[in-house]
Structure formats: structure tokens, C-alpha cells
Amino acid sequence: LASGAVFPEFRPELAAADEIEIAVQVNGKLRSRIMASPDASNEELEKQALADEKVGEFTNGKQVAKVIVVPKRLVNVVVR
């Protein structure tokens with residue numbers, strides 16, 4: 001550092017990610033990835049995952065038995 005230069009200070013609010021990648025599985029197999037806000041609710045993640053067109057290919061015509069959401073990580077859609 002040059003004399004008198006100031007090193008920037010760390011600001012956690014600037015370092016936080018605007019969006020995170022969430023894996024979307026259908027019956028335990030990775031089928032897609034969605035981008036979501038880090039503070040998205042489980043309901044928002046579930047809606048976004050079910051709206052994804054790649055996931056739709058595997059759920060069309062099938063009954064969605066359960067949706068498991070692991071916050072900030074993944075959404076698993078169980079179909080029959």
C-alpha cells in the first residue's frame with residue numbers, strides 16, 4: 001500500500017449473494033436448477049421449482065405426492 005492509502009473495509013451486506021442456485025430434483029434425481037433469493041420462503045421455492053419447464057416434463061400427467069424443501073439448498077418433488 002502506498003503511504004496514506006486506505007484499505008477498503010469489509011461490509012457483509014455487499015458480500016451477500018443477490019441470488020443463489022437451488023437444485024431441483026424429481027424423485028431424488030437432479031432435473032434442474034433455479035436461481036432464487038437467499039431469503040426466499042419454502043413456499044416461494046416450491047412454486048418456482050414446480051413452474052420450471054424442465055421439472056414440468058417429469059411431473060406432467062403425474063400426481064405430486066410431496067415437495068421437500070431444504071432451505072438454500074434444494075427442492076425435491078416426489079411424484080407417483
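Predicted model: local features only at pLDDT ≥ 70, side-chain atom pairs only at ≥ 80, totals over all residues.
Salt bridges are considered first. The structure contains two of them. In one, Arg11 pairs with Glu13, and their closest N and O atoms lie 3.1 Å apart. Arg11 has a relative accessible area of 41% and is therefore partly exposed. Glu13, by contrast, counts as exposed, because its relative accessibility is 52%, and the cut-off for that class is over 50%.

The other salt bridge joins Glu21 to Arg33, with a separation of 3.7 Å between the closest N and O atoms. Glu21 belongs to strand β1 (residues 20–26) and Arg33 to strand β2 (residues 29–36), so this pair ties together parts that are twelve residues apart in sequence. Glu21 is partly exposed, since its relative accessible area is 47%. Arg33 is likewise partly exposed, with a value of 46%.

Negative charge also gathers on the surface, where Asp39, Glu43, Glu44 and Glu46 make up a patch. One of these residues, Glu44, is located in helix α2, which spans residues 42–51. Glu44 has a relative accessibility of 46% and thus counts as partly exposed.

Asn27 has a phi of about 50° and is found in the loop between β1 and β2. With a relative accessible area of 43%, Asn27 is partly exposed. For Lys72, the positive phi is about 65°. Lys72 is placed in the loop between β3 (64–70) and β4. Because its relative accessibility is 55%, Lys72 counts as exposed.

Strand β4 covers residues 74–79 and includes Asn76. The relative accessibility of Asn76 is 13%, so this residue counts as buried; the class is defined by values under 20%. The side chain of Asn76 reaches the backbone nitrogen of Gly28, at a distance of 3.2 Å. This distance falls within the 3.5 Å limit for a polar contact.

Strand β2 also contains Ser32. Ser32 counts as buried, because its relative accessibility is 5%. Between the C-alpha atoms of Ser32 and Leu14 the distance is 28 Å, while the two residues are 18 positions apart in sequence.

A further pair of residues involves strand β3, in which Val70 lies. Val70 has a relative accessible area of 35% and is therefore partly exposed. Along the chain, Val70 and Glu19 are 51 residues apart, and their C-alpha atoms are separated by 16 Å.

Methods
Residues numbered from 1 in each chain as written. Heavy atoms only, no water. Patch = residues over 30% accessible without salt bridge, like charges linked within 9 Å, V, L, I, M, F, W, Y side chains within 5 Å. Areas by Shrake-Rupley, 256 points an atom, 1.4 Å probe, with all protein chains shown as cover. Salt bridge = Lys/Arg side-chain N within 4 Å of Asp/Glu carboxyl O. Lys, Arg positive; Asp, Glu negative; His and termini not counted. Charge placed at Lys NZ, Arg CZ, Asp CG, Glu CD. Helix = DSSP H or I, 4+ residues; strand = E, 2+ residues; numbered from the N terminus. Buried < 20%, exposed > 50% of the residue type's maximum accessible area, 1.4 Å probe, protein only. Polar contact = N/O pair within 3.5 Å; in protein donor to acceptor, adjacent residues only side chain to side chain.
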